[in-house]
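Trainee: I would like to go through this structure term by term. For each label, please set the value against the rule behind it.

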Number of protein chains: 2
Amino acid sequence: MRLLEERIRRDGKVRPGGVLKVDSFLNHQMDVRLFMELARAWHAVFGSENVTKLLTIEASGIGIACVAGLVFDCPVVFAKKSKTLNIDGSLYRTTVESYTHGNIYDVIVSRDYLLPEDRVLLIDDFLANGAALDGLCDLVRQAGATLIGAGIAVEKCFQPGGERLRARGLRIESLAKIRAMHDDGTLEFC
Amino acid sequence: MRLLEERIRRDGKVRPGGVLKVDSFLNHQMDVRLFMELARAWHAVFGSENVTKLLTIEASGIGIACVAGLVFDCPVVFAKKSKTLNIDGSLYRTTVESYTHGNIYDVIVSRDYLLPEDRVLLIDDFLANGAALDGLCDLVRQAGATLIGAGIAVEKCFQPGGERLRARGLRIESLAKIRAMHDDGTLEFC
């Protein structure tokens, strides 16, 4: 998607170690007009799939997913990072390993908000190693819901998540795909 | 706002100790069509104030604020819960004391995204003791920006935050104001 690629070239900041900072428009300050364009692009791909629910993960996926929810005209659920015990069995729970922050955390979704009859589209801002997306897929599987695919804003194709998840059959629509990032601050799109 | 009050009566759950669970439509599963109506109600109040930025706090404020950002046609910034050190002075930082969870945490905003020329409207899902709103006000003050007011979805008027902040001159537009919650699961609006 040219609009997002141009925005990344203009406002993104490449940092050593494969880090791309997009916090001026995507995940700290948020350009919600841009989010609407992302949402329309995902809807062009998944709009005929009778999606009943969007699922994302806190915190930076929530804004994009809520704007997408307006376009898909369906509720949005976000998986919560949690230390809560599942004492009454009311939750689906999975584990996500963050490569960026070097830690492991639990995420939960209430069983009330992911139902077997749901047709779920995953939404997230980044796909790199795929840990967050793995966790969301696992929550959908636990619920017995139908997994339609994933709408991603920025995919780092030089990290293995996208290839691995596509090989497992997940349909992923990434709107900006980065092939390489260089120490001089430049990047290449696929 | 009748729409929100009716939704709280229908789908909210009153728990002992003044807890109102609205996670079926507000802060876990999110009814983004309802969010659009909340946004329009805030815009009816603050739409003539030339708001340049909406400021909220992660995580549950983000979705509402992003939908409101579409209506106000301006960027949205969310204050992040953080343990990051402010070693390069690039952040505004404040402390929020959560009465609900009984802890104290730091929230930060990059100096790049709150500017002296900004006219800032705060957005959040709940106002009870006002700790989160205190923190957001402090961030706006540190930035030297103009604080226009606060758009709140649900205010618990039996807790002191709203009265205290209004006495300090903050203009607050709460769309559902709860006067009392009872142990039999019922509640009263103002």
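Trainee: What does B:Thr94 touch, not counting residues up to four places away in sequence?

Mentor: B:Thr94 touches B:Tyr105, B:Asp106, B:Val107, B:Gly135, B:Asp138, B:Leu139 and B:Gln142, with residues up to four places away in sequence not counted. Contact here means heavy atoms within 4.5 Å. This is a predicted model, in which local features need pLDDT of at least 70 and side-chain atom pairs count only at pLDDT 80 or more, while totals for chains, interfaces and linings use all residues. Side-chain values use heavy atoms, with hydrogens and water left out; residues are numbered from 1 along each chain as its sequence is written, and chains are lettered from A and ligands numbered from 1 in the order in which they are written.

Trainee: Where is B:Thr94 placed, and why is B:Thr94 called buried?

Mentor: B:Thr94 is in strand S6 of chain B, residues 91–98. Strands are DSSP runs of E with at least two residues, helices are runs of H or I with at least four, and both are numbered from the N terminus. Buried means under 20% relative accessible area, exposed means over 50%, and partly exposed lies in between, with a 1.4 Å probe and protein chains only. B:Thr94 has a relative accessible area of 10%, so B:Thr94 is buried.

Trainee: What makes the pairing of the B:Thr94 and B:Asp138 side chains a polar contact?

Mentor: A polar contact is a pair of N or O atoms within 3.5 Å; within protein, one must be able to donate a hydrogen and the other to accept it, and residues adjacent in sequence count only if both atoms are side-chain atoms. The side chains of B:Thr94 and B:Asp138 make such a contact at 2.7 Å.

Trainee: Are B:Cys157 and B:Cys190 buried, partly exposed or exposed?

Mentor: B:Cys157 has a relative accessible area of 29%, so B:Cys157 is partly exposed. B:Cys190 stands at 53% relative accessibility and therefore counts as exposed.

Trainee: How do you know how chain A and chain B are related?

Mentor: Copies are superposed by least squares on the C-alpha atoms of residues with pLDDT of at least 70 in both. Chain A can be laid on chain B with an RMSD of 0.0 Å by a turn of 180° and a shift of 0.0 Å along the axis. The two copies are therefore related as by a two-fold rotation axis. The same surface serves both copies, since 100% of the contact residues of chain A recur in chain B.

Trainee: At what angle do helices H1 and H2 of chain B cross, and which residues meet there?

Mentor: The axes of H1 (residues 2–11) and H2 (residues 32–46) of chain B come within 10 Å and cross at roughly 140°. Axes are lines fitted to C-alpha atoms, for helices over the stretch in contact, and angles run from 0 to 180 degrees between N-to-C directions. B:Leu3, B:Leu4 and B:Arg7 in H1(B) meet B:Leu34, B:Glu37 and B:Leu38 in H2(B).

Trainee: What is remarked on in the peptide bond from B:Glu58 to B:Ala59 and in the phi of B:Asn50?

Mentor: Most residues other than glycine have a negative phi, and most peptide bonds are trans. The bond from B:Glu58 to B:Ala59 is cis, with omega near 0°, and B:Ala59 is in the loop between strand S4 (53–57) and helix H3 (61–72) of chain B. Phi of B:Asn50 is near 50°, a positive value in a residue other than glycine. B:Asn50 is in the loop between H2 and S4 of chain B, and with a relative accessible area of 56% B:Asn50 is exposed.

Trainee: Why is A:Leu175 called buried?

Mentor: The relative accessible area of A:Leu175 is 5%, so A:Leu175 is buried. A:Leu175 lies in strand S10 of chain A, residues 172–181. Leaving aside neighbours within four places in sequence, its contacts include A:Met1, A:Leu4 and A:Trp42.
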